[in-house]
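Subject: Structure handover and findings

Dear colleague,

Please find below the structure that I am handing over to you. My findings follow directly after it.

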Amino acid sequence: MKKAVTARENAAKDTDGPSPAKMIDGKIKELGDWRGETLKRIRALIKEADPEVVEEWKWRGVPVWEHDGIICTGETYKAVVKMTFARGAALDDPAGLFNSSLDGNVRRAIDIPEGAKINEKALKALIRAAVALNASKAKKKPAKKQSA
């Protein structure tokens with residue numbers, strides 16, 4: 001018997017090519033250096049913090065993690081792996097993880113350079129807070145009116 005596919009799993013599928021998860025796997029393999037290992041580690045932490053997370057592949061090659069909206073992205077640059085939290089300015093950051101994009105009114109980012117130690121407990125707490133914020137925003141959206 002075939003396993004039923006949940007709406008969340010179905011939404012993560014790309015019918016025109018490889019799934020976003022496969023694209024992220026490919027990106028990690030393609031990097032083949034500390035940036036790939038860092039992206040792989042933050043991806044695992046995101047999944048540990050939110051097992052229901054949906055992986056997406058947007059903007060011509062950026063891994064994106066969503067749950068009731070974007071949680072964060074995982075961009076790779078020459079000197080850093082950047083986690084940009086879509087609503088980071090609205091999140092408490094008691095551990096001081098945010099170290100980039102601090103001037104904006106909405107987003108905040110964490111730049112992770114080569115050799116940096118990730119505060120895994122604090123990062124997972126930040127991810128859970130972003131999920132909770134997205135969920136609270138999703139609940140506040142008014143229901144669409146149905147036409148007669």
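How many aromatic pairs does the structure hold? The structure holds one aromatic pair. The ring centres of Phe85 and Phe98 are 5.5 Å apart and the planes stand at 80°, so the pair is edge-to-face. Because Phe85 belongs to strand S4 (residues 80-85) and Phe98 to the loop between S4 and strand S5 (108-113), the pair ties together parts that are 13 residues apart in sequence. Phe85 is buried, with a relative accessible area of 0%, and Phe98 is buried at 11%. Buried means under 20% relative accessible area, exposed over 50%, and partly exposed in between (1.4 Å probe, protein chains only).

Basis of the model

This is a predicted model, in which local features need pLDDT of at least 70 and side-chain atom pairs count only at pLDDT 80 or more, while totals for chains, interfaces and linings use all residues. Residues are numbered from 1 along each chain as its sequence is written, and side-chain values use heavy atoms, with hydrogens and water left out.

The average pLDDT (the predictor's confidence in each residue, from 0 to 100) is 88 for the protein, and 84% of the residues score at least 70. Over residues 1-14, pLDDT stays under 50, and the model has 14 contacts beyond four places in sequence for this stretch. Contact means heavy atoms within 4.5 Å.

Overall arrangement

The protein has four helices and five strands, which run α-α-α-β-β-β-β-β-α from the N terminus on. Helices (H or I, at least four residues) and strands (E, at least two) are DSSP runs, numbered from the N terminus. Of the 148 residues of the protein, 40% count as buried. Among contacts between residues at least 6 apart in sequence, 50% join residues at least 24 apart.

The sheet

The five strands form an open sheet in the order S1-S2-S3-S4-S5, with antiparallel pairing. Strand S1 (54-58) and S5 stand at the edges with a single partner strand each, so one side of each is left without a neighbour in the sheet. On average, neighbouring strands of this sheet are turned by 20° against each other, direction ignored. Two strands are taken to pair if DSSP finds at least two bridges between them.

S4 is joined to S5 by six bridges, and the two run antiparallel. Asp111 in S5 is the bridge partner of Lys82, and Val80 stands opposite Pro113 in S5. S3 is joined to S4 by five bridges, again in an antiparallel arrangement; these two strands form a hairpin with three residues between them. Gly74 stands opposite Met83 in S4.

S4 is mostly covered, as six of its six residues are buried. Val80, Lys82 and Thr84 point one way from S4, whereas Val81, Met83 and Phe85 point the other way.

Axes are lines fitted to C-alpha atoms, for helices over the stretch in contact, and angles run from 0 to 180 degrees between N-to-C directions.

Leaving aside neighbours within four places in sequence, Ile127 is in contact with Leu45, Ile46, Ala49, Ile71 and Phe85. Ile127 and Lys47 are 80 residues apart in sequence and 9.6 Å apart in space, C-alpha to C-alpha.

Lys124 is also found in helix H4 and counts as buried at 18% relative accessibility. Not counting residues up to four places away in sequence, Lys124 touches Leu45, Glu48 and Ala49. The side chains of Lys124 and Glu48 make a polar contact (2.9 Å). A polar contact is a pair of N or O atoms within 3.5 Å; within protein, one must be able to donate a hydrogen and the other to accept it, and residues adjacent in sequence count only if both atoms are side-chain atoms.

Yours sincerely

Definitions and conventions
Phe/Tyr/Trp six-rings, centres within 6.5 Å; stacked < 30°, edge-to-face > 60°.
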